[in-house]
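Here are my notes on this one, as numbered points. Have the model open while you read.

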Amino acid sequence: MESRPTLAVFKFASCDGCQLTLLSLEDDLLALASRLHVAHFLEATSRIEPGPYDIALVEGSVSAPRDLERIRQIRRDSRYLITIGACATAGGIQALRNWADSEEYLRAVYARPEYIETLAKSTAIADHVTVDFELRGCPIDKRQLLDVIGSLLAGRRPRIPNHEVCLDCKRNGTVCVMVAHGTPCLGPVTHSGCDALCPAHDRGCYGCFGPSSQPNLVSLSDQLRRDGMPPREIVQAFRGINAYSPEFRGEGDRIEAESGRSGEADGSGEAER
Amino acid sequence: MNRDDMNRDVTNADDTNHDDEKDGVTTRTIRVENVTRVEGEGGLDIRLRSGALDDVKLNIFESPRFFEAMLRGRPLEETPDITARICGICPVAYQMSSVHALERALGVDPGEEIRRLRRLLYCAEWIESHALHVHLLHAPDFLGYPGSLEMSRDLPEEVTRGLQIRKAGNALLDLIGGRAVHPINVAVGGFYKPPRRESLGRLVPDLEAGLRLAIDATRWVAGFDFPDFEQAYDTVCLVHPDEYPMCEGRIEASDGLSITSDEFESVFVERQVEHSTAMQSIRSDTGATYLLGPLARINGCRDRLMPVARRLADEVGLQTPCHNPYQMIVARSLEIVHAYEESLQIIAGYREPQPSRVAYRPHAAAGSAVTEAPRGMLYHRYRIDEGGAICEANIIPPTSQNQSQIERDLRSFLPGILEMDDDELAKRCESLVRCYDPCISCSTHFLQVRIDRGA
């Protein structure tokens with residue numbers, strides 16, 4: 001009988017990049033496969049086994065009517081449900097439609113919208129079922145993924161650093177792009193995980209890993225405004241890869257409402273121009 | 001091939017397969033709920049009436065993500081970061097088609113050094129994406145395994161070799177792009193920060209080793225047992241006078257068509273079908289389906305492969321033009337060899353681009369571009385306003401263009417295997433679909449943006 005813990009990988013609305021991270025573990029892939037029994041991973045194997053599963057990794061956002069029952073079934077089948085990536089933890093970039101008229105979006109993209117089934121909003125897995133751990137990133141980081149799986153196999157809770165990207169820049173000795181060049185950067189409010197990649201490449205962080213544990217959003221918005229960024233662009237900066245995370249969503253909406261009151265800008269990231 | 005021990009009874013929905021009899025007509029329905037070992041999720045429906053093939057549908061049911069609508073109103077600088085998110089397997093392809101189309105709109109010429117560095121980045125993605133498909137997803141079909149993890153128990157060296165081939169490509173992507181999935185270094189006009197010559201130099205030993213492994217692997221793959229099945233393909237790819245197709249050239253078809261990317265939408269038209277969230281393409285001039293990808297490129301541009309890849313194509317006896325879809329794995333393997341060779345050549349002559357990013361002034365404009373994604377030509381067209389925001393986008397990925405061809409292949413293939421039981425028949429069909437390396441995550445959610453602004 002199979003005694004290794006079972007692993008299942010599931011996909012919702014997404015680009016496939018996070019589950020690809022699993023196949024890109026390279027030297028660690030076969031080692032991991034010897035400690036776990038891969039029971040359901042459509043991209044990797046045609047052998048499909050039913051639940052229950054010990055660990056389920058879920059990629060993608062809830063976006064279509066059929067997703068609603070599917071995620072509940074996966075929850076029932078899984079001992080630990082781990083969401084991987086910005087789509088599963090915050091609704092992904094496709095959550096930009098949550099501010100738009102979804103009917104209009106459908107008509108804009110498809111000639112025959114009646115063939116398409118979609119929900120008005122793209123939402124995180126945790127909005128629908130209990131999630132045991134959320135691994136952030138667009139894409140997730142390979143080392144963090146190994147750490148999460150390793151922790152679960154060892155029977156302890158994953159410990160993933162949740163400080164800001166800003167701190168990683170300081171540790172790496174990267175010159176601050178905001179202070180030195182006035183480049184807008186979400187590093188002060190973004191969750192660690194990429195090793196502060198963008199500032200190291202002379203550009204501002206655009207928030208792939210979503211909000212850090214206690215982001216001081218108002219302070220960053222104020223600084224961006226002082227640096228001359230129009231409210232409309234500040235709203236767009238928060239409405240990116242992790243637009244529908246509660247923190248970024250709240251701050252973007254706050255600035256939009258504020259600038260709307262003062263008549264400064266329309267602020268809507270994807271409104272028709 | 002196809003000696004898979006997969007157990008379809010468990011969850012892959014054999015219970016929906018059934019025979020119905022009505023008015024003396026027997027209908028046999030075979031449904032593969034999920035086509036496995038492809039990127040993204042799709043299914044296959046096959047319907048027979050009185051023993052004859054009635055209908056085949058490759059179902060793409062991933063939910064739409066509306067990229068073309070989301071891009072509207074965003075600054076053009078964000079386009080390569082946003083379109084990368086369409087596909088985690090070939091993000092560089094989306095970035096390359098984006099920046100080329102936008103630069104064409106803006107009248108920007110980034111110059112030779114940036115051009116070469118982009119080719120190097122693209123080579124790295126071809127290696128990563130092709131090696132994933134050849135070694136982890138497709139090879140198990142020819143050797144009778146449900147997947148590469150299962151295959152690794154009997155053939156550990158072959159699977160490890162595939163992982164090593166991929167690893168060197170990923171290392172190159174990491175170095176140039178910052179990371180392999182959704183690279184952060186690609187900008188309209190060039191790169192945010194180009195890699196140092198010394199850093200690229202340090203990768204050379206691994207790339208040389210990768211090249212040797214890729215050559216061995218091509219010989220291995222070429223020895224597989226290929227089913228005897230041919231289709232009269234109309235193949236389409238970019239063609240450049242001096243180099244293997246990647247970012248530049250005219251769009252040429254095997255029947256003599258030769259156009260620029262600006263003429264793309266008048267020749268290749270998309271239609272939407274009920275069973276799919278992807279659009280399907282046909283040629284408006286011939287009304288026919290067409291084939292994109294590695295086999296189309298090798299058929300059209302074999303003489304422009306790098307020398308080692310070209311000699312290897314001769315050595316393994318690839319006959320071109322090749323019209324057997326199962327041989328796509330050989331074409332893909334040869335392109336891995338080519339990409340390794342060309343990477344080494346570009347690194348040997350590399351000079352850091354100065355400046356790394358060419359400046360431009362945004363203005364109202366429109367532009368299009370086609371580049372060769374691992375799965376075939378990827379078309380982008382944008383219209384931007386005077387402030388530099390996107391006001392219209394149209395993106396046509398290779399898999400949605402190949403989808404009609406895949407269904408046509410299945411319709412030709414099925415009559416020869418109708419005697420098989422449902423399980424075996426489904427497996428054979430899935431395996432044929434897999435030859436195309438279909439990327440369902442990419443192919444879904446697109447179509448021409450039609451903005452109805454009302455009155």
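1. In chain B, the axes of helix α7 (residues 156-177) and helix α8 (residues 197-222) come within 9 Å and cross at roughly 145°. Axes here are lines fitted to C-alpha atoms, for helices over the stretch in contact, with angles running from 0 to 180 degrees between N-to-C directions. Helices are DSSP runs of H or I with at least four residues, strands are E runs of at least two, and both are numbered from the N terminus.

2. A caveat: this is a predicted model, where local features need pLDDT of at least 70, side-chain atom pairs count only at pLDDT 80 or more, and totals for chains, interfaces and linings use all residues. Residues are numbered from 1 along each chain as its sequence is written, and chains are lettered from A and ligands numbered from 1 in the order in which they are written.

3. Back in chain B, helix α10 (residues 294-301) packs on helix α12 (residues 328-348) at an angle of about 70°, axes 8 Å apart. That makes α10(B) roughly perpendicular to α12(B) (65 to 115 degrees counts as such). B:Pro294, B:Leu295 and B:Ile298 of α10(B) meet α12(B) residues including B:Met328 and B:Glu335 (contact: C-beta atoms, placed from the backbone, within 7 Å).

4. Now chain A: it has twelve helices and five strands. The C-alpha trace of chain A spans about 65 × 55 × 25 Å along its principal axes. For contacts in chain A with a separation of 6 or more, 72% come from residues 24 or more positions apart.

Methods:
Contact = placed C-beta atoms within 7 Å. Parallel < 35°, antiparallel > 145°, perpendicular 65-115°, else oblique.
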